[in-house]
Amino acid sequence: MRLTDSVAVLRPRSPWEAMDLGVLLAQRHAGLLMLAWALPALPLLALLSLLLWESPGWVLLIFWWLKPLGERLPLFILSRALFGATPRLGESLRALPGLLRAEWLASLTRRRFSPTRSFDLPVLLLEGLAGRELQQRRAVLATGPGKRGAGWLTLVGLHLELGLWLGLLAFLYLLLPAQSGLALDWQQLLEGTPPEQLWLEHLTNGLYALVLMVWEPLYVACGFGLYLNRRVHLEAWDLEVAFQRLRRRLGSTTGILLLAAGLALALPDAALAQPPAPQPAQALGRQAARADVQALLEQPPFSHREEITRWRFGDPAQAPDVDIRPSAPPTFTRRLAEALEILLWAAVGAGAVLLAWRYRDWLAAFAGRRLPSARRAPPPPAEHAVPRPAPPDLPADIATQAERLWADDPGQALALLYRGLLERLREDYRLPLSEADTEGEVLRRVRRLERAELQQLAETLTRHWQNLAYGKRLPPAELKDELLAAWRRQFGSGGTA
């Protein structure tokens with residue numbers, strides 16, 4: 001490595017300037033860096049997805065945990081590109097096994113959550129140290145501001161990585177059609193993804209890999225810039241580069257300068273021929289000698305003073321000589337504080353009441369519904385009991401009437417079954433349905449009832465009703481027997497409970 005071959009100007013910088021240097025270096029080789037990261041990482045993600053298809057969450061966790069190993073190949077490329085020897089893709093991939101062997105276990109265990117990972121990685125890979133020497137070298141490099149800059153880089157990068165991933169997820173869900181049945185339902189996400197939708201979670205894992213393909217080279221490049229800046233500060237690389245350029249510029253006149261120096265030394269000097277006058281001996285006492293030595297040690301290069309500003313806990317409080325206990329507050333101040341406390345508690349109570357009023361329907365859905373185990377079939381009517389009249393728009397036997405209508409008008413039959421479902425949900429399960437509720441809101445409330453047969457019936461009816469209402473698509477003929485059988489199993493033949 002020759003410092004004069006560097007494609008960047010090596011000079012002392014602030015941590016933010018050093019990270020900016022890394023970003024510019026990554027931009028110059030962006031295609032190579034992203035491709036070198038993606039070629040090992042994307043096949044690994046595909047292999048994990050095939051092996052753990054039923055557990056996409058574990059796939060994402062394992063892929064995220066192995067992320068430090070993927071940062072080594074971009075650093076290898078950047079370290080050589082800095083001095084004008086950019087490696088090709090094949091050469092970089094051939095160097096990958098050797099790069100992975102260096103402290104791979106420590107990178108995945110005790111140093112996995114290190115906030116200065118991007119700053120410490122060049123010390124491990126580029127300087128070839130190990131054991132105690134590696135620890136001492138890291139301690140020396142961490143004395144400057146580069147370590148704090150690396151910590152901020154990791155913190156900001158974590159939020160940036162998460163924000164980009166969530167943005168891609170939101171964009172993906174915006175592209176999904178409403179009729180696909182993949183609407184965003186937070187309760188369903190917490191309960192678990194159905195088997196037929198596992199491909200969607202693996203697709204979100206792929207979007208996270210795309211985010212890392214862009215961000216990881218930048219993260220490594222910023223840490224590499226901080227590492228270079230710290231070495232410039234410690235080893236004065238800028239002065240070394242200046243002296244090497246000066247030597248190269250004056251290389252042609254070196255012989256002339258040496259000849260002139262030799263002639264000057266060969267000339268007789270009268271002053272040198274005379275012996276020096278003896279200096280009177282001056283005896284120094286112990287205290288004077290100690291003072292002279294101390295003054296000499298306080299001067300450069302023996303003394304190096306550096307001002308460091310950092311936060312620390314205050315000194316333990318010492319007992320004061322006088323009583324400095326605060327006096328009691330005046331009456332006006334005390335009353336003002338009590339009034340402010342009352343106002344704050346009143347604001348908290350008003351906020352709680354406002355939240356309860358705002359979400360009253362949601363609370364009623366949980367507090368007013370009956371548990372599935374408590375619901376029993378209605379008792380058979382007495383011999384002379386008067387049957388409860390059905391709603392004016394619904395027949396007494398919804399299933400039979402829908403069966404009659406299906407041959408002539410399947411759409412009317414489907415609409416009758418859907419209206420009957422809504423009426424049963426209001427009366428049998430006390431769901432607070434209103435005219436403003438959408439089909440998705442009705443399905444979410446049905447899922448909270450935790451009744452599998454009712455949920456399947458409601459989802460099938462809603463899906464075909466939406467196809468009819470919004471897509472003008474009639475239900476298939478083979479759906480008739482399935483729907484009517486499910487209806488009679490769930491509600492019998494009557495129209496109301």
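This is a predicted model: local features need pLDDT of at least 70, side-chain atom pairs count only at pLDDT 80 or more; totals for chains, interfaces and linings use all residues.
Local features need pLDDT of at least 70 and side-chain atom pairs count only at pLDDT 80 or more, while totals for chains, interfaces and linings use all residues. Residues are numbered from 1 along each chain as its sequence is written, and side-chain values use heavy atoms, leaving out hydrogens and water.

The protein chain has 23 helices and zero strands, taken as DSSP runs (H or I, at least four residues; E, at least two) numbered from the N terminus. Of its 497 residues, 32% are buried; that means under 20% relative accessible area, with exposed over 50% and partly exposed in between (1.4 Å probe, protein chains only).

Helix H20 (residues 410-427) is largely enclosed by the rest of the structure, because 14 of its 18 residues are buried.

Now the rings: there are nine aromatic pairs. Rings of Phe, Tyr and Trp (its six-membered ring) pair if their centres lie within 6.5 Å; planes under 30 degrees apart are stacked, over 60 edge-to-face, and the rest tilted. Tryptophan 65 and phenylalanine 113 are an edge-to-face pair, 5.4 Å centre to centre with 80° between the planes. The two partners look like this:

| Residue | Relative accessible area | Class |
|---|---|---|
| Tryptophan 65 | 30% | partly exposed |
| Phenylalanine 113 | 55% | exposed |

Ring pairs also bring Trp64 into a cluster with Trp65 and Phe113.

Last stop, glutamate 439, in helix H21 (residues 439-448). Glutamate 439 touches Tyr418, Thr462, Trp465, Gln466 and Tyr470, not counting residues up to four places away in sequence; contact means heavy atoms within 4.5 Å.
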